[in-house]
Amino acid sequence: MTIADVLNIGVITIFTIQIALGLLIIFGVMKVINMAHGEFFMLGAYTMVVTTSLGINPWLGILLACALLAGFGMLVERLMIRPIYGRADLSSLLVTFGLSIVLQQTVRLVFGPQSLSVPNPVQGTVDVLGTAYPAYRLIAAGIALAMTIGLALLLFRSVFGIRLRATISNTEVAAALGTNTALVGNLTFGLGAGLAGLAGALMAPFVGVVSTMGLDQTVRSFLVVITGGLGSLSGTVGGGVLIGGGQSAMGIWFGGTVAQVAVLILAMLVMLLRPRGLFVRKGRSF
Amino acid sequence: MRGIGRGAWFVSGAVLVMALLFPAVMPDAYLIIIVGTGLVFGMLAMSLDLLWGYSGILNLAPALSFGIGAYTWGILSNEADGSVGTLYAVVVAVSLAALLAAGLAFVSFRSGATGIYFALMTLAATLVCQQIAQVSTDLTGGSNGLVVFTWPTFGIPGVAEFSFDTPTSLYYLILAVVALTLGGAAWLVSSRFGTVLKAVRESDQRTETLGYSPMRHRVLISACAAALAALAGVLYAPMTGIVDPSVFGVALSVQVFVWVAVGGAGTLVGPLIAAVLLTSGQATLSGASATLYLLVTGVGFILVVLFLPGGLASLPRRLGLGRTGAHSRPPSKAPTADADRAETVVGADHGQ
């Protein structure tokens with residue numbers, strides 16, 4: 001394993017965690033299983049395709065992708081999730097399933113089925129322990145890491161975070177104590193979608209941008225959240241290291257198929273043996 | 001028949017007549033293959049309806065058993081065809097899928113992996129199968145797919161054998177199997193077993209109090225549904241002539257959910273008809289229009305889930321047409337068919 005491999009694994013791990021955290025807070029607050037989460041990621045990447053072709057500064061484009069997706073997430077919550085909120089079945093899963101089809105096909109219709117590329121905003125490489133590594137990847141991963149830490153601070157060091165965690169642990173009581181849980185839900189959906197969109201925009205320059213790119217992210221985020229434990233922020237970080245890092249490390253040694261199968265089987269075993277997640281201590285949630 | 005209601009039987013009768021006459025009216029092999037494949041997908045939709053509509057089990061990968069059926073039949077019958085080979089391949093394909101599904105359901109439910117956990121278990125399982133199908137090139141043909149060059153054959157070897165070796169004959173075989181399995185599934189859900197399934201869907205505790213094991217019923221219906229899906233896969237393989245790893249794909253499983261939700265969960269006939277119509281429509285289009293078609297399907301699916309939780313099958317009743325007696329009413333609390341709550345949702349929306 002070369003130094004470049006190690007750095008790649010690190011970069012992928014950070015993005016895996018960021019995307020999965022978006023899924024986690026949406027599930028935690030709304031109990032919505034968001035099957036369209038990967039499509040938010042995909043839309044973030046396509047925002048970069050549009051902004052760079054319009055000649056907009058790429059950093060502004062990344063910011064724009066995050067903001068647009070956050071707004072879009074809030075709109076989706078208002079129009080599609082709120083009407084079925086509290087329906088005991090898994091309608092939210094179905095609706096977001098449908099949304100993912102619609103978003104994929106719309107993008108395919110507008111941009112075509114082929115894979116597009118986004119120009120790299122930062123050319124050149126950085127010397128890391130004697131290995132030349134693309135500078136942009138390090139910057140992108142740094143931004144993603146900063147956002148993840150920012151999210152943790154928001155959740156654990158702000159009033160909004162207290163209200164959000166209160167809503168997660170008991171929506172009725174939180175509402176009775178004066179938290180506008182509908183608003184928290186709306187903002188959370190926007191926050192989760194914004195995180196996914198930001199990850200998509202940041203990753204666009206070094207992955208192929210194609211309408212079906214979201215599915216992989218959705219599946220992987222689910223595996224991360226399940227392995228880490230539904231409803232645990234630190235668990236999701238652990239799950240991200242295990243799933244994102246583990247899969248890319250095994251991919252280097254044994255090839256992509258073995259890595260994918262191993263990760264899937266690991267997730268199945270965790271669900272069977274430790275359904276609360278690998279990193280959740282008894283009696284604690286979030 | 002109490003299982004699926006009188007109106008549903010009338011509709012299915014009319015559709016059956018249309019399906020019987022179709023190859024005679026339109027003797028076009030391509031169209032016959034499209035509709036035949038649609039009917040096969042209809043069986044797959046019924047399989048998910050048994051699980052999800054009647055039993056409330058969220059299996060995110062209904063296409064898993066379908067794919068196992070298609071691959072097993074293709075691989076085995078390519079080795080040995082004729083009536084013995086056909087019978088052997090069918091029995092192995094169906095029992096393999098049923099055993100796997102029962103095993104997965106058993107270990108999942110026993111360790112408490114229900115609801116969303118079970119959904120993700122099935123999702124992971126189908127993705128594992130997809131990866132395996134992609135790499136075991138010798139057995140499955142890899143990502144190019146497995147070419148199936150045999151046809152189902154029945155009879156006694158050397159005495160009288162009949163091979164369903166034209167699209168039209170295969171179409172009629174499929175139609176017969178669809179009619180039989182629809183009857184079988186309708187009988188199953190209206191039987192004592194089916195009643196317990198509905199009880200399991202509503203409440204584990206209460207079912208247990210009455211002396212029935214929710215676990216045993218869930219495992220059994222998982223096996224039944226898997227057998228039905230595998231049978232659909234078995235018929236799919238010779239009809240299309242090729243099986244590729246996308247049969248295990250999430251995309252196909254998502255579509256099965258669309259058919260069941262649009263057709264009406266818990267009605268059997270609704271999902272069947274929705275599957276035939278939606279897949280036939282899609283197959284006649286290509287390129288941008290196919291994309292647009294999927295887009296429209298997706299929008300329709302969202303609207304149905306939001307505003308018509310009983311699916312299109314509940315539309316006549318919602319509009320006040322038809323009888324609303326207890327016998328023609330779909331299950332009161334099917335995952336998507338809760339009329340009262342649906343009314344509230346629609347009402348709330350108008351009020352905004």
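I began with buried area, which I take as the accessible area (1.4 Å probe) that two parts lose on being put together, summed over both. For chain B and chain A that area is about 3,600 Å², and carbon and sulfur atoms give 82% of it.

Two notes on the ground rules. This is a predicted model, where local features need pLDDT of at least 70 and side-chain atom pairs count only at pLDDT 80 or more, while totals for chains, interfaces and linings use all residues. Residues are numbered from 1 along each chain as its sequence is written, chains are lettered from A in the order in which they are written, and side-chain values use heavy atoms, with hydrogens and water left out.

**Interface.** I looked up the contacts next (heavy atoms within 4.5 Å). Chain B brings 39 residues and chain A brings 38 residues.

Which elements of chain B supply at least two residues of the side that touches chain A? They are α4 (82-110), α5 (116-135), α11 (250-263), α13 (287-307) and α15 (339-351). Helices here are DSSP runs of H or I with at least four residues, strands are runs of E with at least two, and both are numbered from the N terminus. With eleven residues, α13(B) gives the most to that side.

**Core.** My nonpolar core is a set of buried Ala, Val, Leu, Ile, Met, Phe, Trp, Tyr and Cys residues joined through side-chain atoms within 4.5 Å. Buried means under 20% relative accessible area, exposed over 50%, and partly exposed in between (1.4 Å probe, protein chains only). The largest core holds 193 residues, and those with the most contacts inside it include Phe97(A), Trp259(B) and Leu268(B). Helix α1 (residues 3-30) of chain A contributes the largest share of this core, 15 residues.

**Backbone.** Most residues other than glycine have a negative phi, so I noted two exceptions. Leu268(B) has a positive phi of about 60° and is found in the loop between α11 and α12 (269-283) of chain B. Leu129(A) has phi near 45° and lies between β1 (125-128) and β2 (131-134) of chain A. Buried or exposed? Leu268(B) is buried at 0% relative accessible area, whereas Leu129(A) is exposed at 74%.

**Chain B overall.** I logged 15 helices and four strands, with 56% of its 352 residues buried.
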